[in-house]
Amino acid sequence: MGEDLCKILITEDEISSRLDELAAAIDRDYEGKEILVLGILKGAVMVMADLARKMHTPLTMDWMAVSSYGSGTKSSGVVRILKDLETDLEGKHVLIVEDIIDSGLTLSWLKANLESRGPASVEIATLLRKPDATTVDIHVEYVGFDIPNEFVVGYGLDYAEKYRNLPFVGTLAPHVYGG
Ligand code: 5GP
Ligand code: MG
Ligand code: MG
């Protein structure tokens with residue numbers, strides 16, 4: 001799992017510093033409130049764990065798992081809930097935590113779905129955002145890094161379920177895809 005397989009795009013330190021900034025911004029914005037932080041499985045596990053530990057706002061955590069149908073690597077915007085929340089959202093301030101936004105279709109579906117459940121507010125925090133995301137009409141309040149249109153792994157993100165445990169975000173060498 002060295003640099004022969006994976007080129008580092010964002011280091012562990014860079015992720016940590018950026019999450020410090022996001023946590024500070026979130027604490028400022030939600031002062032006097034309580035947040036339901038909603039992690040999207042499985043990719044957001046690392047961001048959730050690190051971001052939540054940097055936050056001081058009182059919070060509860062819940063998790064959802066969704067799968068977006070699509071051809072190949074592109075999502076279609078048709079989303080299926082694999083694991084739903086266990087929390088009633090009525091009157092809650094919901095902060096969705098995501099690993100990466102590519103087309104934005106998954107999140108735009110999810111945000112609408114959550115908004116129909118009567119929350120006080122729904123905002124989005126994502127560690128990474130790809131260029132295509134800016135073409136979809138979805139407001140993302142907290143963005144860690146805008147990255148180029150490359151397939152990345154690590155820090156929660158997988159290729160065929162592997163590499164989620166890398167402490168950094170990297171791009172895979174082409175020979176990995178070739179097997
Ligand atoms: P979209 O925003 O296109 O609806 O879908 C976002 C989802 O696609 C992410 O939650 C993630 O699971 C997957 N995804 C998009 N880009 C990448 C990438 O570069 N690497 C990995 N590992 N997953 C990605
Ligand atoms: Mg995700
Ligand atoms: Mg994946």
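In what order do the strands of the open sheet of three strands stand? The order is S1-S9-S8, and the pairing is antiparallel. This is a predicted model. S1 (6-10) and S8 are the edge strands. Each has a single partner strand, so one side of each is left without a neighbour in the sheet. Strands of a sheet pair through backbone hydrogen bonds, either parallel or antiparallel. Here S1 and S9 (residues 169-172) run antiparallel and are joined by four bridges. For a reference point, take Ile8: its opposite number in S9 is Gly170.

Next, the core. The largest nonpolar core holds 38 residues. Leu51, Leu95, Ile96, Val97 and Ala125 have the most contacts inside it. Helix H1 (12-29), helix H2 (45-54) and helix H3 (105-115) each give two or more residues. So do strands S2 (35-41), S5 (93-101), S6 (121-129) and S8 (152-153). The top contributor is S5, with six residues.

Leaving aside residues up to four places away in sequence, Leu51 touches Leu19, Leu22, Ala23, Val97 and Ala125. Three of these partners, Leu19, Leu22 and Ala23, belong to the H1 side of the contact between H1 and H2.

That leads to the helix pair. Two packed helices are described by the angle between their axes and the distance between the axes. For H1 and H2, the axes come within 8 Å and cross at roughly 55°. H1 is therefore oblique to H2. The crossing is right-handed. H1 makes the contact with Leu19, Asp20, Leu22 and Ala23, while H2 uses Asp50, Leu51 and Lys54.

Finally, the backbone. Most residues other than glycine have a negative phi, and most peptide bonds are trans. Some places in this model depart from that pattern. The peptide bond from Leu41 to Lys42 is cis, with omega near -5°. Lys42 sits in the loop between S2 and H2.

Two tyrosines have a positive phi. Tyr155 has a phi of about 50°, and Tyr163 has one of about 75°. Tyr155 lies in the loop between S8 and S9, and Tyr163 is placed in the loop between S8 and S9 as well. Are these residues buried or exposed? The cut-off for buried is 20 or more other C-beta atoms within 10 Å. Tyr155 has 26, so it is buried. Tyr163 has 21 C-beta neighbours inside 10 Å, so Tyr163 counts as buried too.

How values were computed
Residues numbered from 1 in each chain as written. Chains lettered and ligands numbered in written order. Predicted model: local features only at pLDDT ≥ 70, side-chain atom pairs only at ≥ 80, totals over all residues. Core = buried A, V, L, I, M, F, W, Y, C linked by C-beta atoms within 7 Å. Buried ≥ 20, exposed ≤ 12 C-beta atoms within 10 Å, placed from the backbone. Contact = placed C-beta atoms within 7 Å. Pairing = 2+ DSSP bridges. Axes fitted to C-alpha atoms, helices over the stretch in contact; angles between N-to-C directions. Parallel < 35°, antiparallel > 145°, perpendicular 65-115°, else oblique. Left-handed = near helix turned anticlockwise from the far one by under 90°.
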